[in-house]
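Then follow the strands and rings around it.

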Amino acid sequence: MKLVANVIRASLGGARSLRALSTAMPKTDNVKPTEKESTDLHKIETNYKSPFSLFKDWYKDHEIPDNQIASKALTLSTANKQGQVSSRTLILRRLDEDGFVIMTDNRSRKAKDLKENPYASMVYLWVTMQDSQILARQVRVEGDVVQLPTDNMAEIFEIEPLFCKIRAHICHQGKTVDWKQMKDHHDKLHQEVENNNLQLEKPEHVVAYKIFPYTMEFYESLGQTIADRLLYVKNGNEWEIKRLAA
């Protein structure tokens, strides 16, 4: 938990503060070597014309067999029609060729925001060790959001663990609850599932959204170097690529 707290505190200080993290970070053996010229100015080496190709590479680099959630965690930010922004941590449920799929309760604040203002941003942050140096990577995504039809997200709910399915049935996300009543409801439903081999169907309020990006920005630094940033901007069916100062 101390390690997680250190990462969170560093990320709150902005992307530049990632270099200040303790060198006691876990080593990820499957991270690909990052090319570095003889300069303290870092450079992201890629020939990809699509940001999804680069994202998939980074995503695979940071997949941890014993902790799949770590690579899939993201921060999703939404805003209502008054412009009030709210953020929360979610899990990427599916990566499509043209967008990112998440799942939630359509009675939640994020769902209400998206009904009023169907745009969102998401941030992925991965910090690992490479050759005894901190490798920090961040991906920022901004785009339009569309709710998916049930037949395009049913498999996402089907593979959920039991406790998540029970949560979907007993929790009205964001609503004030009495813990004892919630526990009684949970225990009763859990017992019914166990005793009767009950298969919990997806409730109507469980929905999936897909973010179709119009910009994707990649940030990377290695050790005590000045980070590099690549910005992909959608222009029709093509992506324009720009290099940004850190």
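**A pocket and its surroundings**

By class, 14 nonpolar, five polar and six charged residues line the second largest pocket. Here Ala, Val, Leu, Ile, Met, Phe, Trp, Tyr, Cys and Pro count as nonpolar, Asp, Glu, Lys and Arg as charged, and the others, Gly among them, as polar. This is a predicted model, in which local features need pLDDT of at least 70, side-chain atom pairs count only at pLDDT 80 or more, and totals for chains, interfaces and linings use all residues. Residues are numbered from 1 along each chain as its sequence is written, and side-chain values use heavy atoms, with hydrogens and water left out.

A pocket is an open set of points on a 1 Å grid over the protein atoms alone, where a 1.4 Å probe fits, with protein on both sides within 12 Å along at least five of seven lines; lining residues have an atom within 4 Å of a point. The volume of this one is about 660 Å³, counted as the space filled by probe spheres set on points joined across faces, edges and corners. Of its 25 lining residues, Arg93, Met103, Glu160, Cys164 and Arg167 lie nearest the centre. Two or more residues each come from α3 (68-72), β2 (85-91), β4 (100-105), α5 (154-158) and α6 (162-170). These elements are DSSP runs numbered from the N terminus: helices (H or I, at least four residues) and strands (E, at least two).

The largest share, four residues, comes from α6. Within α6, Cys164, Lys165, Ile166, Ala168 and Ile170 are buried, meaning under 20% relative accessible area with a 1.4 Å probe, protein chains only.

Next, take β2. Seven bridges join β2 to the antiparallel strand β1 (residues 73-79); strands pair if DSSP finds at least two bridges between them.

Now β4. Valine 101 is found in this strand. It counts as buried because its relative accessibility is 0%. Its C-alpha atom is separated by 6.5 Å from that of isoleucine 211, 110 residues apart along the chain.

Phenylalanine 100 also lies in β4, and it pairs with tyrosine 124 in β5 (residues 119-130). Ring centres must lie within 6.5 Å to pair; planes under 30 degrees apart count as stacked, over 60 as edge-to-face and the rest as tilted. These two centres are 6.0 Å apart and the planes are at 40°, so the pair is tilted.

How values were computed
Buried < 20%, exposed > 50% of the residue type's maximum accessible area, 1.4 Å probe, protein only.
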